[in-house]
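Colleague: Hi! I'm new to this one, could you walk me through it?
Modeller: Happy to, let's bring it up.

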Amino acid sequence: MKRKNNSKFYFKKVSALTKDEKQQMMHLMIATYPAFKKYYLKNQFYSTVKPQMEHLIKNGRILIGVGKLLWRKVNVGKTSIKFFAFGVLIIKKYQGLGLGTKIIKKDIKEAKKRGADILYGSTENPIAEKIVKKLGFKKLDVAVFYKDTETGITKREQGRSWVFEFKNGIIKRIENLQRFYIGTGPL
């Protein structure tokens, strides 16, 4: 039997999220990743780095998926680029319906509209890797590092890093580095 999908998408500034939306986001994150509870207790948000925008997918009033989009300047050699990053989480019951793909497509469009040089995401999920590859992302062949927001220690990204390039040649410039530093994280 095919699952029914009556979901609606919302794209909001983080500052415009309601208290109920924030609570539902936190419950969704903790149910999937129990370790995220410590982030919420510390900074009243589900992540270490607050994004500028959030995707919300609702079935009625119930949140069934989220996606974050954030941006900053990062250095590639001696020049800075407009670095955009995304994250997606769909609850298990609604996976396989194309909701995550739809969020990533929306992120590509939004990042392009805002003048991004690249759109970055990391994952250890083989299904997510198939999706980003199909959408035109390239896997980075250079180690990615970030400064941990809690410890201040520079750490290596554990997931595989994928980049959608808006300006030709940036991936090549990144891969010519010994390591790519993306700022605070984990994203």
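Colleague: Thanks! Which strands does helix α1 lie across?
Modeller: This is a predicted model, by the way. Helix α1, residues 19-32, lies across β1, β2, β3 and β4. Its direction is at about 85 degrees to β3.

Colleague: And helix α4, what does that touch?
Modeller: Helix α4 (residues 126-134) packs on the sheet and touches β4, β5 and β9. The direction of α4 makes about 20 degrees with that of β9.

Colleague: What's the strand order in the sheet?
Modeller: The order is β1-β2-β3-β4-β5-β9-β6, an open sheet of seven strands with mixed pairing. β1 (8-13) and β6 (138-139) are at the edges with a single partner strand each, so one side of each has no neighbour in the sheet.

Colleague: How do β4 and β5 run, parallel or antiparallel?
Modeller: Parallel, and three bridges join them. In β5, L119 is the bridge partner of F84.

Colleague: Switching topic: which residues touch the most other members in the largest nonpolar core?
Modeller: F83, I118, Y120, L140, I174, F180 and I182, out of 19 residues in that core. At least two core residues come from each of β3, β4, β5, β7, α5 and β10.

Colleague: What is F83 in contact with, leaving aside its neighbours within four places in sequence?
Modeller: F83 is in contact with L70, W71, R72, V74, I118, Y120, F180, I182 and L187.

Methods: Residues numbered from 1 in each chain as written. Predicted model: local features only at pLDDT ≥ 70, side-chain atom pairs only at ≥ 80, totals over all residues. Heavy atoms only, no water. Pairing = 2+ DSSP bridges. Helix = DSSP H or I, 4+ residues; strand = E, 2+ residues; numbered from the N terminus. Contact = heavy atoms within 4.5 Å. Axes fitted to C-alpha atoms, helices over the stretch in contact; angles between N-to-C directions. Core = buried A, V, L, I, M, F, W, Y, C linked by side-chain atoms within 4.5 Å. Buried < 20%, exposed > 50% of the residue type's maximum accessible area, 1.4 Å probe, protein only.
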